[in-house]
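Thanks for asking me to look this over with you. Please open the model beside this note and follow along point by point.

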Amino acid sequence: MRRFRFGYRYYLNVLVLAAGLVVLVLWRSKDPGAAFLTALKIVPLAFLTEWLEVRMEPSGSFTLTPILLFTVLLLEGLEPAILVATGAILGISTFTAKGSWQEMVDSIAREVLSAAAFWVAFTLLGGEPGKTRWVERTLPFLAGSLVYLGVRTTLTALRFYFLEGINIPWMWRKLLAQSSGHHLIITLAALAVAYLYADLGYFTLALATGAIVETYYPWKLLGEQKGVLFTSLRMIAAAVDAKDPYTYSHSQRVAYYAVRLARALGLPEDEVERIRIGALLHDIGKIGVSGRIIRKPARLEEREMQVMKTHSTLSANIMAPIRILGEAAEMVRYHHEHWDGSGYPNGLRGEEIPLGSRIILVADALDALVSDRPYRRGRTKEEAMQILRENAGRQFDPRVVEALASIIHLL
């Protein structure tokens, strides 16, 4: 709870700091009218670069807006750059209804603070837009770009920590590894665009921006295909869950808990994605189990229980032939194995059970405990956590249970 409260204070502080910075910069501007006019010219192009959101593997995304942001910082200064960043994010978020207003405000605040950090590094090293020679501006520009990357990565890692409980150093390194290559391309592209804009004018800037967006557009399509895949998997999971009205959306909730658990344990993002797929489809084998058994309100008879126990093997067998799902099939096959060897289908114990299976088991149990059933009301998360701890070392992996305990207040 302490981290949760501090997380909200963090967001409030970031927002106030960013808003205060905008007001201070524009108030101290020697020519706020010129800043607005410059931003007015650049923002339409920034709409295009902000719209082109490219998903990164295995997670995250980036836009091409920093190309125009860096160009304006290099040639015009901080005031119009802040207006360009704010206008682009606000416009695209409103027009496309992408994300919540909290996410929009968070994006603007991180962009403004990162741009300000760029500007501090740029000016401290002697850079001055439009007055120093290109050679004298290039080194401060490159330094500013590195500072921008560092600050933006740090703010994003903090966001993951406060909202999902992910270890900050681990997340920082992961984000940096994912984004550094693209950031280098964006930095060099911004430097080239700035040269063209300064020498040949706005029309050339528009052409160059369009060409860069066209180049990156296939990357956007590839990322969207991944989004379509997960939408399809969620639809399949929802169809299976619909066999029982009391477990509707169960698989999506289990996937949510499992992903948060995997990240709390510091697993690589490619493994997190496999666990997400496994958790979404962990009950798909129930399509081969009679609805009468699944919806039975009373305790299952022994014969019925044996039929129900086949669903994990059925799920894995359905997934295994499909390459993109096959990597998650084994964790689904064993997600009912218990730490002490009392589970099914093979009676595996301890570390013999795939870690993904152990995570899905805990996530599955958490959702079962907190959800309403025909014969009982759902328990509170605190009560569910107590039950999970009592069974750690028998049914559940103690390390996974403790990881859940560290983030239960965030779920």
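1. Some ground rules come with the model. This is a predicted model, in which local features need pLDDT of at least 70, side-chain atom pairs count only at pLDDT 80 or more, and totals for chains, interfaces and linings use all residues. Residues are numbered from 1 along each chain as its sequence is written, and side-chain values use heavy atoms, leaving out hydrogens and water.

2. Start with the aromatic rings. Rings of Phe, Tyr and Trp (its six-membered ring) pair if their centres lie within 6.5 Å; planes under 30 degrees apart are stacked, over 60 edge-to-face, and the rest tilted. The count is 9 aromatic pairs. One of them joins F70 and F118, with centres 5.1 Å apart and planes at 25 degrees, so this pair is stacked. Because F70 sits in helix α3 (residues 65-75) and F118 in helix α5 (residues 101-124), the pair ties together parts 48 residues apart in sequence. Helices here are DSSP runs (H or I, at least four residues), numbered from the N terminus.

3. F70 also pairs edge-to-face with F141, at 6.1 Å centre to centre and 85 degrees between the planes. F70, F118, W119, F122, F141 and Y148 form one aromatic cluster.

Terms used:
Helices (H or I, at least four residues) and strands (E, at least two) are DSSP runs, numbered from the N terminus.
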